[in-house]
Amino acid sequence: ASADSQNLELARARLPILAQAYALDAAIDVTGGALGCLWQRAADKSSYARDQPRRELLAHIVSADDQLRVSACEWIGRMLEDAAELTGHRMHYLSGLVRAMAASCMSESEGGRIAWDGSGASQLLSSMCLKLGTCLFASSSRISARLNDMAGNADLLFVANAFIQGSEDAIAIGSLRRKLAKLTDEASLTVRATLLRSMVLHLASFPDQVDVGLDSFAALAGFVPLPLDSKELTGILASSMEHCMRSFKSIAGGVALDSAKKAAVASFHSIQSLCHSICLPFEQAEGFGAVELPKLVEQHPESVYRLLAFMTIATHSIVSAAGMQPSPELRWFSLLRSLLDCRLFGDRMKVSGICDLLSLTISGLWDLAKPSLSRWSASLDDYLSLDQLECLMGAYGGTRSLHDMVLLRVIGDYEQITRQSIQRVALAFGPTAASTYLKERISRTRYAIERDENDIGVVGEDTLSNALLAVDSGKLFRTVLNFPVNYSVADPVAQLLTALSDSEGRAKPGLDIYESSLVYEPQFMLAWVWTVVSARVQVDIRRLFECNAAGLALVALSSADPRTRKLA
């Protein structure tokens with residue numbers, strides 16, 4: 001059956017006729033002869049190139065029948081016994097056959113996870129991937145050449161990923177990770193990141209091999225200082241950190257302190273590099289106008305923010321699992337302050353999707369910084385400045401959206417840990433307040449006007465008037481109509497991580513009107529009303545009724561929570 005490229009479709013159409021013409025034993029003999037013939041021709045480069053349609057046709061044939069598939073796998077096993085011959089195009093040939101046969105019994109997600117369906121065929125082919133992978137990485141001297149081959153051959157890369165994710169040999173996987181760590185060439189950068197991602201996925205199947213996962217995490221973090229101009233590379237790194245985050249969250253203890261510290265240090269420098277890359281300090285904003293700033297906002301794709309968020313959360317999971325004490329060399333609070341000092345932070349928080357990721361980043365940095373902060377510190381370095389708090393409150397919309405709930409957790413934690421009242425800045429929140437804060441800060445920066453940080457607890461008449469005008473009366477009325485009598489608050493960070501459409505294809509959970517941006521968060525708004533009425537400033541009380549704030553206090557009297565009733 002001559003199957004040149006122009007006759008490939010015709011040959012496929014003839015397959016049913018061939019199946020009727022040959023008995024099974026004869027079909028096995030015919031396919032076995034074809035396998036051997038193409039094996040011999042693979043030794044010659046020109047013949048291998050011409051045989052591409054024949055190899056594709058043969059892969060379809062052996063994948064169509066269970067017994068033909070078993071026969072082909074037995075033949076591949078015999079070829080693997082002579083590893084000395086498994087070089088060049090012959091490895092490509094066998095990898096292509098295995099991947100084609102595996103297509104019907106496995107799935108490969110966008111995040112790189114290979115899932116077998118548990119059938120007999122999947123067990124057979126996964127074992128073939130393990131044997132092929134062992135031969136693929138057998139020689140440490142040829143590892144660089146193998147990676148270059150994988151860069152241009154998806155079949156080889158599939159076999160390598162299936163081998164790493166499915167191997168129970170921790171020593172072999174650890175040895176491969178060390179080989180990858182020694183390589184520095186940028187040509188194989190994406191392939192190395194893909195293989196290290198598979199090592200993180202390996203941890204999900206073999207949770208007892210924590211050290212391999214931690215070392216892979218540290219190695220992946222080491223990629224970040226490189227220029228992130230490749231969307232493919234940043235996407236791989238982001239999905240890798242997402243897998244790290246989910247794997248390390250499920251580990252309670254059993255993490256070696258030395259390995260955890262190494263991973264945390266590598267992560268700190270990478271997060272610092274990312275923050276410096278995406279942040280534009282106010283001091284550098286001079287001269288940027290309405291045309292230049294939007295270009296700066298769009299400079300980094302969403303995958304960079306996913307990478308930053310998931311790496312931060314994963315690092316906190318590692319630190320928590322290892323029970324690490326705060327390290328003075330890891331200045332997490334400084335990173336949080338630099339993020340809130342970013343000239344473009346407010347603009348990025350207005351972008352759907354980016355706001356969720358930045359909220360997770362702020363939450364992760366706060367959780368990492370919190371243990372090192374003192375309740376009674378006299379140093380201003382242990383507190384957020386008034387400008388930084390205004391930036392945080394400008395990003396917080398006061399609603400029941402998940403990213404707002406994450407920020408509210410940080411705001412409440414900050415007040416409790418530092419014992420610093422943020423009464424003044426809490427009155428004005430959301431996009432309107434953010435625009436006002438931004439204009440005032442730009443003006444102060446331009447004229448080098450210093451602020452009195454002691455003003456943070458001072459509530460003036462102008463502050464109250466602006467706060468009452470900025471609140472959305474319609475949204476507050478919907479909050480009254482949908483007030484939850486049995487109020488409970490789940491972990492917003494866990495909810496947001498679940499809600500994000502991740503690489504495993506989980507769907508976003510359905511959210512009712514109360515769990516959305518259509519209503520205010522009632523506990524926060526009750527505290528807001530209390531701040532207004534308790535301020536020692538004359539206020540027009542009618543405005544509290546016009547904006548439905550008094551209605552919220554009234555309906556909160558029916559809450560099942562005694563603390564809420566007391567506040568109301």
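User: In this predicted model, how exposed is asparagine 548?
Analyst: The relative accessible area of asparagine 548 is 21%. Buried means under 20% and exposed means over 50%. The value falls between those cut-offs, so asparagine 548 is partly exposed.

User: Where is asparagine 548 found, and what is its phi?
Analyst: Asparagine 548 is in the loop between helix H28 (542-546) and helix H29 (549-555). Its phi is positive, in a residue other than glycine. The angle is near 75°.

User: How are arginine 543 and glutamate 546 placed in helix H28, and how far apart are their closest N and O atoms?
Analyst: Both residues lie in helix H28, three residues apart, about one turn. An α-helix has 3.6 residues a turn, so residues at three or four places point the same way. Arginine 543 and glutamate 546 form a salt bridge, with their closest N and O atoms at 3.9 Å.

User: Is glutamate 546 of this pair buried or exposed?
Analyst: The relative accessible area of glutamate 546 is 53%. The cut-off for that class is over 50%. Glutamate 546 is therefore exposed.

User: Which residues make the nonpolar surface patch of about 520 Å², and what is the relative accessible area of isoleucine 541?
Analyst: The patch is made by Trp530, Val533, Ile541, Phe545 and Leu567. Isoleucine 541 sits in the loop between helix H27 (522-534) and H28. Isoleucine 541 is partly exposed, with a relative accessible area of 47%.

User: Which residues does tryptophan 528 contact, leaving aside neighbours within four places in sequence?
Analyst: In soluble globular proteins, nonpolar side chains tend to be buried together. With neighbours within four places left aside, tryptophan 528 is in contact with Ala426, Leu427, Phe429, Ala467, Leu468, Val471 and Ala549.

User: Does the span of helix H6 agree or disagree with its number of residues, and what is that span?
Analyst: Helix H6 covers residues 89-102, which makes 14 residues.

User: How many of the 14 residues of H6 are buried?
Analyst: The buried residues of H6 include Arg90, His92, Tyr93 and Met101. H6 is largely enclosed by the rest of the structure. The number of its 14 residues that are buried is 11.

User: Which residues does alanine 34 contact beyond its neighbours within four places?
Analyst: Alanine 34 belongs to helix H2 (residues 24-41). It is partly exposed at 27% relative accessibility. Alanine 34 and arginine 55 are 21 residues apart in sequence and 9.1 Å apart in space, C-alpha to C-alpha. Beyond its neighbours within four places, alanine 34 is in contact with Leu58 and Tyr93.

User: How many residues apart are lysine 261 and glutamate 329?
Analyst: Their side chains meet in a salt bridge, 4.0 Å from N to O. Lysine 261 is in helix H14 (residues 257-278), and glutamate 329 is in the loop between H16 and helix H17 (332-340). Lysine 261 is partly exposed at 41%, and glutamate 329 is partly exposed at 41%. The pair links distant parts of the chain, with a separation in residues of 68.

User: Why does the salt bridge of lysine 370 and aspartate 413 tie together separate parts, and how many residues apart are they?
Analyst: The two side chains meet at 2.9 Å, N to O. Lysine 370 lies in the loop between helix H19 (354-369) and helix H20 (386-395) and aspartate 413 in helix H21 (residues 402-418), so the parts they tie together are apart in sequence by 43 residues.

User: Which residue of that pair is buried, and which network includes both?
Analyst: Lysine 370 is partly exposed at 23%. Aspartate 413 is buried at 16%. Both belong to a network of salt bridges linking Asp367, Lys370, Arg409 and Asp413.

User: What share of the residues in the protein chain is buried?
Analyst: The chain has 30 helices and two strands. It exposes about 26300 Å², with carbon and sulfur atoms supplying 53% of that area. Of its 568 residues, the buried share is 50%.

Technical notes: Residues numbered from 1 in each chain as written. Predicted model: local features only at pLDDT ≥ 70, side-chain atom pairs only at ≥ 80, totals over all residues. Heavy atoms only, no water. Helix = DSSP H or I, 4+ residues; strand = E, 2+ residues; numbered from the N terminus. Buried < 20%, exposed > 50% of the residue type's maximum accessible area, 1.4 Å probe, protein only. Expected span 1.5 Å × (residues − 1). Patch = residues over 30% accessible without salt bridge, like charges linked within 9 Å, V, L, I, M, F, W, Y side chains within 5 Å. Areas by Shrake-Rupley, 256 points an atom, 1.4 Å probe, with all protein chains shown as cover. Contact = heavy atoms within 4.5 Å.
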